[in-house]
Each structure stands twice: as structure tokens, then as C-alpha cells.
Amino acid sequence: MNARSLTRRARTSLTVLAGFGIAAALTAATVAPASADKNTGPQRPKPTVVLVHGAFADSTSWNGVVKELRHDGYPVVAVANPLRSLSGDSAYLKDVLAGIDGPVVLAGHSYGGSVISNAATGNKNVKALVYLAAFLPEKGESAVDLSGKFPGSTLGDALRPVPFTNPDGSRGTDLYIRNDKFRHQFAADVSRGQTDLMAVTQRPVTDAALAEGAAEPAWKSIPSWVLIADQDLNIPPRTQQFMAERAHAHTTKVRASHAVSVSQPGKVTDVIENAAHSVR
């Protein structure tokens, strides 16, 4: 084969390859945007998750849950629950909720369940309630009433009462869990080092707050999710089950102490996100 023939064949091959390259480029130009359109449509904003701690805890008890929720793209507010009176704590939470735009998933632990039940009533932005080893009181019921409804709570024997004076001069009583009883009573599945810190930094609740009857509960009109801690020594698991059934709540059980948000943040996050997925 002479040089001229080789040159002609080379030119022909290059022409064919160039044609394939142009066709591929045209195909990519027409297909890629269509595929991209499927993934770049408008995304619905995620609801804000509002977390309300209960007695003998503070907002840091949610740290593990907050970390996971934020990783998954949820805006989060961890409220500092005053723990002074059920009506006053509920009014405070109502003000916090009024400052949040858009849909809300409202979660409460322990006595915080009573607070969210009161505060969410009539709030159209609260789309789901989540109760984590928490109280779901009926109107007129108190935390004290529900704690004693079924056997299993040993909280009373672990408490240390501390009298205090209110600004108006009246007397009240703060309740703490005794440091030497704290881990067994509140957080038996949390490390000793962490529970030692939790005992020292615990927030007391007044006896009046635990004895105050609830207002009309929001769980009657807002879908609810319940996580039952089956090793709970504060709120008996049987009581938690009773309240969940009465509220027709979506219910999950986990092997955990009362401090479930600390010992099982992944399970708690799963329940909260299940509730959030229901928000439209």
C-alpha cells in the first residue's frame, strides 16, 4: 500500500471518529440537563425541631440528638424549660414557638411532655408532637398523678427537697435527685463519669409544677409519636404505654433508662425524624 492510500485511510478514520465525538457531545447536551432537572427541583424546607427538656435536666441533655438532627439538615431549637410551674412553663414555650416561622415538630422529654401538651394547643404551626419517656396528661392530670398510676416509679425516695423564697415572699420547694441516687434513678445506662456531671448540673423542678393539673392537651388534635423507655424508674413503662394508647400515638419501645435522649440519641432522632417526615 502506497503512502497516498495510507493518508486517505487515516483521514477517513479521523472523520468517522470526529462524527462519533460530535454525536456524543450532542447526546450529552440534550440528556444531561433533563437528568439534572429531576434533581434540582424546588425542595420543601424541613420543619424546625423544638426540643423541651424535663425535670432534673437541662438543654445539654439534647446534645447528641441536636448533632444528629443538624447533620440531617433540620433547624433545631433546644428550649431552656424554666421548671417553675406547668402553666408558666407552657406560657414561656408558647412565646418561643411564636417566634419560629414555618412548621414545627415539638418534642418533650419527661415533664417536658406536659409542657408541650399545654403549649401546642391552638398553634397551627405545630404539626407533630413527640414524647420521649414523657408525660401525655389528660386535662386536669398532673405529673404526680400519672407517676403513681401504675407501680414502678422509685423517684420519691431519691428526691432531695430544698425550700426557697419566691419574689413575692411566698415559699416554694425545689426538688433535686440526690447525687448518690442520680445514676441509678435517672440514667443507669449512661457512663459514671457523665452521670456524675449530670447530677451536679441538674436543674431542679418545683413540687408545684409536678402537682399542677394540665390544660386541654394538644395530643387530641395533633398527631403524636411516643418513645417508651422500658427501664425507666421515673415514669413507669406501663404508664407510658397507657398514655400512648390513650393518645393513639405512633409508639416505639427501646431498652433505656429515663435519660433516653442521652443514652440513645440515635433512637430518639429516628422517632423525631419519623414525625418530621409526616409534615407536608
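Okay, so let's start with burial: of the 280 residues in this protein, 43% are buried. Keep in mind that we're looking at a predicted model. In terms of secondary structure, there are 12 helices and 9 strands. The exposed surface comes to about 14200 Å², with carbon and sulfur atoms supplying 55% of that. And if you take the contacts with a separation of 6 or more, 71% of them are between residues 24 or more positions apart.

How many of the residues of S1 are buried? It's 5 of the 5, so the strand is largely enclosed by the rest of the structure. You can see that on both faces: Thr48, Val50 and Val52 point one way, Val49 and Leu51 point the other way, and all are buried.

Now, who pairs with S1? On the one hand there's S3, residues 104-110, which pairs with S1 in the parallel sense over 5 bridges. If you want a spot to look at, Thr48 is opposite Val104 in S3. There's also S2, residues 76-79, again parallel with S1, over 4 bridges. Here Leu51 has Ala78 in S2 as its bridge partner. To get from S1 to S2 the chain goes through helix H2, residues 63-71, and that β-α-β crossover is right-handed.

Moving along to S4. In this strand, 8 of the 9 residues are buried, so S4 is also largely enclosed by the rest of the structure.

Nonpolar side chains tend to be buried together in soluble globular proteins. In our model, the largest nonpolar core has 53 residues, and the ones touching the most other members are Val50, Phe56, Leu93, Leu106, Leu129 and Phe186. Which strand gives this core its largest share? That's S4, residues 126-134, with 4 residues. There's a second, separate core too, 25 residues, including Leu51, Val66, Val254 and Ile272.

Let me zoom in on Phe186. Leaving out residues up to four places away in sequence, Phe186 touches, among others, Phe56, His109, Ile177, Met198, Asn234 and His258.

Met198 takes us to helix H8, residues 192-201, where Thr195, Met198 and Ala199 are buried. Those three span an arc of only 100° around the axis, which puts them on the same side of H8. That buried side packs against helix H7, 179-186, and helix H11, 260-263. What sits on the face turned away from the buried side of H8? Leu197 and Val200, both exposed.

Last stop, the open sheet of 3 strands: the order is S5-S6-S7, and the pairing is antiparallel. S5, 159-165, and S7, 205-206, are at the edges with a single partner strand each, so one side of each has no neighbour in the sheet. S5 pairs with S6, residues 171-177, over 7 bridges, and there you'll find Arg160 opposite Tyr176 in S6.

That's my tour, thanks.

How values were computed: Residues are numbered from 1 along each chain as its sequence is written. This is a predicted model: local features need pLDDT of at least 70, side-chain atom pairs count only at pLDDT 80 or more; totals for chains, interfaces and linings use all residues. Side-chain values use heavy atoms; hydrogens and water are left out. A nonpolar core is a set of buried Ala, Val, Leu, Ile, Met, Phe, Trp, Tyr and Cys residues joined through side-chain atoms within 4.5 Å. Buried means under 20% relative accessible area, exposed over 50%, partly exposed in between (1.4 Å probe, protein chains only). Helices (H or I, at least four residues) and strands (E, at least two) are DSSP runs, numbered from the N terminus. Contact means heavy atoms within 4.5 Å. Two strands pair if DSSP finds at least two bridges between them. The arc is that of the directions from the helix axis to the C-beta atoms. A crossover is right-handed if, with the strands pointing away from the viewer, the path from the first strand over the helix to the second runs clockwise. Accessible areas come from the Shrake-Rupley method with a 1.4 Å probe; for residues, only the protein chains shown count as cover.
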